[in-house]
Amino acid sequence: MFKIRHTRNGKALAMTTNETGNLAVGTEVAPNDPDSNNPGPNNPGRAFSKRAIAIIAILTACATLAIASGVHSRLKAETRLRESAQASAIPYVDVVSPKASADADEIALPGSTSAFNDTPIYARTSGYVKHWYVDIGAHVRKGQLLATIETPELDQQLRQAQADLENAEANLQLATTTAARWQHLLETDSVSHQETDQAVSDLHSKQALVNSSKANVERLEQLQAFERVTAPFDGVVTARNTDIGALVQAGDNSGPKELFHMAAIQTLRVYIAVPEIYAAFVKTGEQAKLTLDALPGETLTGTVVRNADAIDATSRTLNVEVDVDNPTGRLLPGAYAFVHLRVPPHPGSVTIPSNTLLFRAEGLRVGVVRNGHVELTPISIGQDYGSTVEVISGLSARDTVIVNPSDSLANGAAVQLVAMNANGARQ
C-alpha cells in the first residue's frame, strides 16, 4: 500500500490503493477553505486530483504486470528445470553401426622355418679322424667328401677275410674235381652210390663256405668305404663336432657321436597350427603369404603342400606345412615367421568392435538401440580379429549398437544417443 499527499491553498488531498488494484480516493478540506464548495472547472485542486488518480492507475497497472511477469517467469523456469531433470535421468550412450564383412579376411598364424632336410651325419665305421675338409657354413654338393677316417683294424679284418675267401675257393675247386671224378666212376660201377653222394655233398658244402667268405669280404669292403664321410644331399654344414685324431666308435653303447650336421635350405618348411574353426578353409596347393620380423616390409610367397588331415586332440589344431623357395639362402632355418591365410567370411555377416559385447549368464549379447530404447540382442560369433569380431547372426548393418555398455544395462531401458560434432567429439 502506498499514499500520496499534497497541500495547496490550505487543502489536503489523500489517496490510497491496495495490492488488489482497488482504488480509494479521499479529500480532506480544511474548515476554512473557501473553495471547498466550488466544483467549477477552474478549480485547481479538482484538476490535480484527477491527474493523481491517473498516475496511480498507471502505477497500479505496471505493478500488476510486473507481478504477473515475475510469476510467469518463475513458472517457466520451474518447467524448464523439471524437463531438464527428466532429460538428465535418461543416460547418453555412444553407438556404432556394424560393418559388412569384406569378401575375404586374413588370419596370421605364427610358425618357425625349418630346413627341407636336416640331418646329423655319423661315422659307420670305427677309427680315427684322419682329416676333415669342410666347416660350418660350407655349401656342399651331394657326394662331396667331408672327412676321412683311418681304420687300421678294419683293414686287417678285410685282408683276413680275403685270405679266407681264397682258401674256400681252393677247397671248392678240389671238391668240384673230386665230385666230377666220382660221378664218372659211378657210370662204370667202379664206386658205390654212397661214396659218390658224399663227394657231391662235400662240393655243396665247399660252395657254401665260398659264398659265406664272399659275403664277409663284401661287408668289410662296405665298412671300409665308410672311411670316406660324404654329403648325403646338397646343403650347408651347420655344425662340425669332430677334429683330426678324434676317436669315433660305430655302435658305441653310449650312442654314436655326431660328426657333422647338414641342412638343405634351398627350400624351407614352415609348420603352423591352424585352429579347428579354420581347418576347413585350408586347401592343399593354395598360395600363402609369409612375413618375418627379420625382413620388415617384405612379403614372401609360399605354398600349402600338405596337412595332417587330423585335429590334434591336445591343442585342437591342424598341423599344416607351407613350403617356401629359398634359392639365394636369405631365409635361415629356425627364423620366426607369420603365415597369412585367407579365410572367406560367412554370408551376411558383419563386424563390430569387441568393446560392444555383453557377457551375460544367458549368453553373449549386444545392446541395440531401437526407438530410443535398449534391446539386448543375442548374437553368434564367427571369427575373432582381436579389436573386432565377426557376427554371423543376430545383427545387420542397419542396426545401432551401444559401445562400452554398462554391466547394469537393462532390456527396454530408455537411452539417448550422444551427439557428435564434426571432429567426432561429444557436444
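Where does Asp399 lie, does it count as buried or exposed, and with which side chain does the side chain of Asp399 make a polar contact?

Reply: This is a predicted model, in which local features need pLDDT of at least 70 and side-chain atom pairs count only at pLDDT 80 or more, while totals for chains, interfaces and linings use all residues. Residues are numbered from 1 along each chain as its sequence is written, and side-chain values use heavy atoms, with hydrogens and water left out.

Asp399 is found in the loop between β24 (388-393) and β25 (401-402), where helices (H or I, at least four residues) and strands (E, at least two) are DSSP runs numbered from the N terminus. With 10% relative accessibility, Asp399 counts as buried; the classes are buried under 20% relative accessible area, exposed over 50% and partly exposed in between, with a 1.4 Å probe and protein chains only. The side chain of Asp399 has two contacts to describe here: a polar contact of 3.2 Å with the side chain of Arg370, and a reach of 3.0 Å to the backbone nitrogen of Ser396. A polar contact here is a pair of N or O atoms within 3.5 Å; within protein, one must be able to donate a hydrogen and the other to accept it, and residues adjacent in sequence count only if both atoms are side-chain atoms.

The pairing of Asp399 with Arg370 is also a salt bridge, with the closest N and O atoms 3.2 Å apart. Because Arg370 belongs to strand β21 and Asp399 to the loop between β24 and β25, this pair ties together parts that are 29 residues apart in sequence. A salt bridge means a side-chain nitrogen of Lys or Arg within 4 Å of a carboxyl oxygen of Asp or Glu. Arg370 has a further salt bridge, to Glu375, whose closest N and O atoms are 2.5 Å apart. Whereas Asp399 is buried, Arg370 counts as partly exposed at 29% relative accessibility, and Glu375 likewise counts as partly exposed at 35%. In the loop between β21 (363-370) and β22 (373-378) sits Asn371, which is exposed with a relative accessible area of 79% and has a positive phi of about 55° although it is not a glycine.

A positive phi of about 55° is also found at Asp309, again not a glycine. Asp309 is placed in strand β16 (residues 295-311) and counts as exposed at 69% relative accessibility.

The structure holds eight salt bridges, among them the one between Lys206 and Asp202, with the closest N and O atoms 2.7 Å apart. Both residues of this pair lie in helix α3 (residues 193-225), four residues apart, or about one turn of the helix. Lys206 is buried at 18% relative accessible area, while Asp202 counts as partly exposed at 33%.

Tyr336 counts as partly exposed at 42% relative accessibility, as does Phe338 at 25%.

Ala279, in the loop between β14 (258-275) and β15 (287-292), is buried with a relative accessible area of 17%. From C-alpha to C-alpha, Ala279 and Val320 are 9.3 Å apart in space, although 41 residues separate them in sequence.
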